[in-house]
Amino acid sequence: MEELVNFIGPPLQDSFEREFHFTPQQCAQAVSFYREYFSVTGIYENHIYPGIPKLLRALLGAGKVLVLATSKRLHTVSRSSRTFIWIISSVKLWVAILTAAVPKKAEVIAAATITA
C-alpha cells in the first residue's frame, strides 16, 4: 500500500508521469488500464474511513454546506456514490466537473466553492 500513496490525490496521468516517467501515450494507456480495472472491480474495493459518517452528520448539524468536488468522470462518481449511498443523503450540493474541463484538483475545489 505504501507505494500507492503517491497516487492518492493528483490526477492519474500526473502520477504515472511523475512516478514512472511515462510518455503522454504511456500515461493514457495506463489510465485506460486503470479505468478498465476500476469500473469492474476496483469500485467495490473502496471503504469508508471510520468516523466519516459521524463527522458529516456533525457538520450538517452545525449548518455547514457539504460539497462533493471531483474531477472524476460523472459516470464513475455516480457509480461510486451508489456504493456509498449515505453520501448522497448527506451532501446538500453536488458538484462534479469533468477532467477535460478542469484538470487540476485546486481548480475543481475553487469552482465548487464558487458554486456553493
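Me: How much of the protein is buried, as a share of its residues?
Reply: Buried residues make up 22% of the 116 residues in the protein. Keep in mind that this is a predicted model.

Me: Ok, and how many helices and strands are there?
Reply: The protein has 6 helices and 2 strands. Going along the sequence, the pattern reads α-α-α-β-α-α-β-α.

Me: What share of the contacts between residues at least 6 apart join residues at least 24 apart?
Reply: That share is 59% in this protein.

Me: Let's look at H1 and H2. At what angle do they pack?
Reply: Helix H1 covers residues 12-20 and helix H2 covers residues 24-40, and they pack at an angle of about 125°. Their axes are 9 Å apart.

Me: Which word describes that angle?
Reply: Oblique: the angle makes H1 oblique to H2. An angle over 145 degrees would count as roughly antiparallel, and 65 to 115 as roughly perpendicular.

Me: Is the crossing left-handed or right-handed?
Reply: H1 and H2 cross in a right-handed way.

Me: Which residues meet there?
Reply: From H1 you have Leu12, Gln13, Phe16 and Glu17. On the H2 side, they meet Cys27, Ala30, Val31 and Tyr34.

Me: How many of those are nonpolar, polar or charged?
Reply: The contact of H1 with H2 has 6 nonpolar residues, 1 polar and 1 charged.

Me: New topic: how many aromatic pairs are there?
Reply: Searching the whole structure turns up 6 aromatic pairs. One of them is phenylalanine 7 with phenylalanine 20, a tilted pair with 5.9 Å centre to centre and 35° between the planes.

Me: What does that pair tie together?
Reply: Phenylalanine 7 sits in the segment before H1 and phenylalanine 20 in helix H1, so the pair ties together parts that are 13 residues apart in sequence.

Me: Are those two buried or exposed?
Reply: Phenylalanine 7 is buried, with a relative accessible area of 16%. Phenylalanine 20 is partly exposed, and its relative accessible area is 44%.

Me: And what about tyrosine 34 and phenylalanine 38, how are their rings arranged?
Reply: Tyrosine 34 and phenylalanine 38 form a stacked pair, 5.6 Å centre to centre with 20° between the planes. Both residues lie in helix H2, 4 residues apart, which is about one turn of the helix.

Me: Tyrosine 34 was in the list of contacts with H1 too. What is its relative accessible area?
Reply: For tyrosine 34 the value is 35%, so this residue is partly exposed.

Me: Which residues do ring pairs link into a cluster?
Reply: The cluster is Phe7, Phe16, Phe20 and Phe22. Phe16 is also one of the H1 residues that meet H2.

Me: Switching to serine 15. Where is it, and is it buried or exposed?
Reply: Serine 15 is in helix H1. With 0% relative accessibility, serine 15 counts as buried, because the cut-off for buried is under 20%.

Me: What does serine 15 touch?
Reply: Leaving out residues up to four places away in sequence, serine 15 touches Asn6, Phe7, Pro10 and Phe20. Two names there, Phe7 and Phe20, come from the tilted ring pair.

Me: What about aspartate 14?
Reply: Aspartate 14 is in helix H1 as well, and it is partly exposed, with a relative accessible area of 24%. Aspartate 14 and cysteine 27 are 13 residues apart in sequence and 8.1 Å apart in space, C-alpha to C-alpha.

Me: Last one: what is the phi of histidine 21?
Reply: Histidine 21 has a positive phi of about 55°, although it is not a glycine. Most residues other than glycine have a negative phi.

Me: Where is histidine 21, and is it buried or exposed?
Reply: Histidine 21 lies in the loop between H1 and H2. This residue is exposed, with a relative accessible area of 66%.

How values were computed:
Residues are numbered from 1 along each chain as its sequence is written. This is a predicted model: local features need pLDDT of at least 70, side-chain atom pairs count only at pLDDT 80 or more; totals for chains, interfaces and linings use all residues. Side-chain values use heavy atoms; hydrogens and water are left out. Axes are lines fitted to C-alpha atoms, for helices over the stretch in contact, and angles run from 0 to 180 degrees between N-to-C directions. Angles under 35 degrees count as roughly parallel, over 145 as roughly antiparallel, 65 to 115 as roughly perpendicular and the rest as oblique. A crossing is left-handed if the near helix is turned anticlockwise from the far one by less than a right angle, and right-handed if clockwise. Contact means heavy atoms within 4.5 Å. Ala, Val, Leu, Ile, Met, Phe, Trp, Tyr, Cys and Pro count as nonpolar, Asp, Glu, Lys and Arg as charged, and the others, Gly among them, as polar. Rings of Phe, Tyr and Trp (its six-membered ring) pair if their centres lie within 6.5 Å; planes under 30 degrees apart count as stacked, over 60 as edge-to-face and the rest as tilted. Buried means under 20% relative accessible area, exposed over 50%, partly exposed in between (1.4 Å probe, protein chains only).
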